[in-house]
Amino acid sequence: MPVLIRSAGRVLGPLVITLPAFLLACTSAQPPTPTPSDPGPVQVDAARDELAALAAAAQDRHMVAQYVYSRAGQADRTITFTSANDGSWRVDVPGGAWGGTADVSMAATTDGLFQCALPSAGRPEPSTCVRLGERDDTVPRRSDPRVQHPLTDWLDVLTDRRAPLAVAPANAPEGLTGTCYSVDSTSASLNAPLDVGIYCYDQDGTPTGVRTGAGTLRLAALPGPAPATVQLAGPVVVDREPLDTAAPPTPDPSDSPGAGTF
């Protein structure tokens, strides 16, 4: 019997020594586990950079262009945008005041920010302008047609990497062309820095369209050359308030002269 035990030891000894080495060899032959990759943030950062570059090009894009503004329940309107070589700008907005019955022109020059009332069906008087403040001031909410923002001051927001925005590539909505991006606000504040929506640009920085909850702005034709500066639509006056976007109240017949008399 002792002989049998020694023989078994001679057989098992090398096997015990060899087996761990075999297992080690198998383990080392396994390919390393790949590091998980998350392309999402990279794509988001790339989209943000691309949009910021196009918005910066739009700031340097001086031109005269017409845009069609569409909004549910309203007839299409043609907006004229002028970005002059000296950095001044002007946006003429048909139906931009008094509930759509008065036309206005928003403009920013070296002298300040202005709203000009244009002759229209609801206001047949000659054009006059009111100074709203310095050129970088905010338009009072009650007098703001908002159509001008995607072409003017919202470009500053799109180029600001500190602005609370989420940007992603997007397909061009029907009727729009260019390279488009979905822009959303990541701020919990009710005062978002711009309207969320789809923003589209040509490669030279020309804004080709914007779709937000307020409507759709679509480039109607190839832009023309820019003037040296913009001209206000009329003289600046100090004896009137800017026109409100809301419709004026209906006059009370009882307030008219002679009311209640025969």
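The following conversation concerns a predicted model of one chain.

Trainee: How many helices and strands does the chain have?
Mentor: The predicted chain has three helices and eleven strands. Their order along the sequence is α-α-β-β-β-β-β-β-α-β-β-β-β-β.

Trainee: And what share of the residues is buried?
Mentor: The buried share is 36% of the 262 residues. The accessible surface of the chain is about 15300 Å², with 59% of that area belonging to carbon and sulfur atoms.

Trainee: Turning to Ile79, where is it?
Mentor: Ile79 lies in strand β2, which covers residues 77–83.

Trainee: Is Ile79 buried or exposed, and why?
Mentor: Ile79 counts as buried because its relative accessibility is 0%, and the cut-off for buried is under 20%.

Trainee: What does Ile79 contact beyond its neighbours within four places in sequence?
Mentor: Its contacts include Tyr67, Tyr69, Val91, Val93, Val147 and Leu217.

Trainee: A change of topic: which phi value does Trp98 have?
Mentor: Phi of Trp98 is near 55°, a positive value in a residue other than glycine. Most residues other than glycine have a negative phi.

Trainee: Where is Trp98 found?
Mentor: Trp98 sits in the loop between β3 (89–97) and β4 (102–109). With a relative accessibility of 24%, Trp98 counts as partly exposed.

Trainee: What about phi of Arg146?
Mentor: Phi of Arg146 is also positive, near 70°. Arg146 belongs to the loop between β6 (128–133) and α3 (154–159), and at 32% relative accessibility Arg146 counts as partly exposed.

How values were computed: Residues are numbered from 1 along each chain as its sequence is written. This is a predicted model: local features need pLDDT of at least 70, side-chain atom pairs count only at pLDDT 80 or more; totals for chains, interfaces and linings use all residues. Side-chain values use heavy atoms; hydrogens and water are left out. Helices (H or I, at least four residues) and strands (E, at least two) are DSSP runs, numbered from the N terminus. Buried means under 20% relative accessible area, exposed over 50%, partly exposed in between (1.4 Å probe, protein chains only). Contact means heavy atoms within 4.5 Å. Accessible areas come from the Shrake-Rupley method with a 1.4 Å probe; for residues, only the protein chains shown count as cover.
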